[in-house]
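Please look over the model shown below. A short report on its parts and contacts goes with it.

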Amino acid sequence: MNDPNGLVWHKGEYHLFFQHNPCGVQWGHMSWGHAVSKDLLNWKELPVAIAEDDDGAIFSGSAVSIGDEIVAIYTRHTETHQSQCIARSLDNGRSFVKFDHNPVLDENKKDFRDPKVFQYEDHWIMCAVQPWDHQVSFYKSLDLITWQHLSNFGPAAAIGGVWECPDLFPLTIDGQQVWVLLVSLNPGGLYGSGTQYFIGDFDGATFTPKYSTDEPRWLDYGRDNYAGVTFNNEPNGKRILIGWMANWEHVKEHPETSWTNAMTIPRELGLAKYADEIVVTQQPMCSLTYEIEMPMPNSGVIGLQGFVKVGYNADKKVIFVDQFEAPYEIDGGELHLKVVVDQSSVELFTGDGIRAITVATFPPVGTSRDLASFSQ
Ligand code: FRU
């Protein structure tokens, strides 16, 4: 599997559709796999929801909940052409029927993909990428069928690879609404595939960044958090992100059994002020494996999983998971780190959520996940 798709809450269930090859453990025959959860932690995998067919593969996209229906908006992919299509489900996402008059949005391009649709006032907004032009294009629709082009954003900040999997949503800080635009790119991240974000304003037609876009702002400083997008229709008003915990540059290193690859832990997104800017924060939505307080400004190292090291380097002013480092400075006091460790992953967060480092790791079977050592 790869990207999370169609993240939506609908009638008591969180739906996680995902890029999935039903025929093997390598990328191919792209279809939408499906899993559901009531609490975002315990997931039940269901049969493939939207399968590749003679019209093409089913690439990434989103889903909306409308009354009893889930409508999926995905990219139809062939060797020569990508366009946006819809399919509807009347049985809570268990099966989908493709719209008879697909595609609903076709710019006659070889590459044009990853539609994220969300409700805005009384209509729908779609953002999708023109990958090689490093642009996010915005469209508007009243019925999900007829789409009107509004504007383009980009190129901006990191453009060292194709732009993919955009998302646009509002968050609030100090009573002020701010819009966040997520753009994944591959390669051109810190370690191959990566996700950058822009803080700005969206007036219903145009996204305007608030800060200089000379330098990218990274969502994650690890290697393995790509194509992350957020849930539509979240019932508690939270903005929750799930990313693919891998990287196109290293994906072949992932062991294969009857399955391969995983998602990040769900993260609640927020905003904070840091180094004179508004930044996106991430809080893991699960009980933590470890929570560590370290008096500043000392360095500290924690050995995990036998060989992964997590900590803070006071000389470099970075938190780290092995060689993956994120710049982080606070004025004295305690440094608070949150760590989520699973069989094949380490996700490190600063307590305020300002920094995250996500790394897929493959310790030998049976390696302890215990805190092996701690030194300051
Ligand atoms: C991102 C991506 C998307 C595309 C999908 C295909 O990882 O390349 O742009 O829709 O994967 O599987």
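## Basis

This is a predicted model, in which local features need pLDDT of at least 70 and side-chain atom pairs count only at pLDDT 80 or more, while totals for chains, interfaces and linings use all residues. Residues are numbered from 1 along each chain as its sequence is written, and side-chain values use heavy atoms, with hydrogens and water left out.

## Two domains

The protein chain is divided into domain 1 (4-274) and domain 2 (288-375), with bounds that come from an automatic or database domain assignment. Taken over C-alpha atoms, their centres are 29 Å apart. Domain 1 and domain 2 each give 18 residues to the contact, where contact means heavy atoms within 4.5 Å.

The size of an interface is often given as the accessible area lost when the parts come together. Here domain 1 and domain 2 bury about 1,500 Å² between them, with 63% of it on carbon and sulfur atoms; buried area is the accessible area (1.4 Å probe) that the two parts lose on being put together, summed over both. On the domain 1 side, Tyr221, Met245 and Tyr274 supply 42% of the area buried against domain 2, more than any other three residues.

Strands are DSSP runs (E, at least two residues), numbered from the N terminus, and two of them pair if DSSP finds at least two bridges between them.

Strand 10 is joined to strand 11 (residues 123-130) by six bridges, and Val117 has Met126 in strand 11 as its bridge partner. Strand 12 (residues 135-141) pairs with strand 13 over five bridges, with Val136 opposite Phe153. The hairpin of strand 12 and strand 13 has six residues between the strands, and Leu144 there takes a positive phi near 70 degrees.

## Aromatic pairs

The whole structure holds 18 aromatic pairs. Rings of Phe, Tyr and Trp (its six-membered ring) pair if their centres lie within 6.5 Å; planes under 30 degrees apart count as stacked, over 60 as edge-to-face and the rest as tilted. Trp32 and Tyr74 have ring centres 6.4 Å apart and planes at 70 degrees, so this pair is edge-to-face. Trp32 is in strand 3 (residues 31-37) and Tyr74 in strand 6 (residues 69-78), 42 residues apart. Trp32 is buried at 0% relative accessibility and Tyr74 is buried at 2%; buried means under 20% relative accessible area, exposed over 50%, and partly exposed in between (1.4 Å probe, protein chains only).

Phe118 and Trp179 form a tilted pair, 6.2 Å centre to centre with 40 degrees between the planes. Phe118 lies in strand 10 and Trp179 in strand 15 (residues 176-189), so the pair ties together parts 61 residues apart in sequence. Ring pairs link Phe118, Tyr120, Phe138, Trp179 and Phe202 into a cluster.

## Backbone features

A cis peptide bond joins Asn102 and Pro103, with omega about -5 degrees. Another cis peptide bond joins Gly154 and Pro155, with omega about 0 degrees.

Lys11 has a positive phi of about 45 degrees although it is not a glycine, and Lys11 is partly exposed at 47%.

Definitions and conventions. Helix = DSSP H or I, 4+ residues; strand = E, 2+ residues; numbered from the N terminus.
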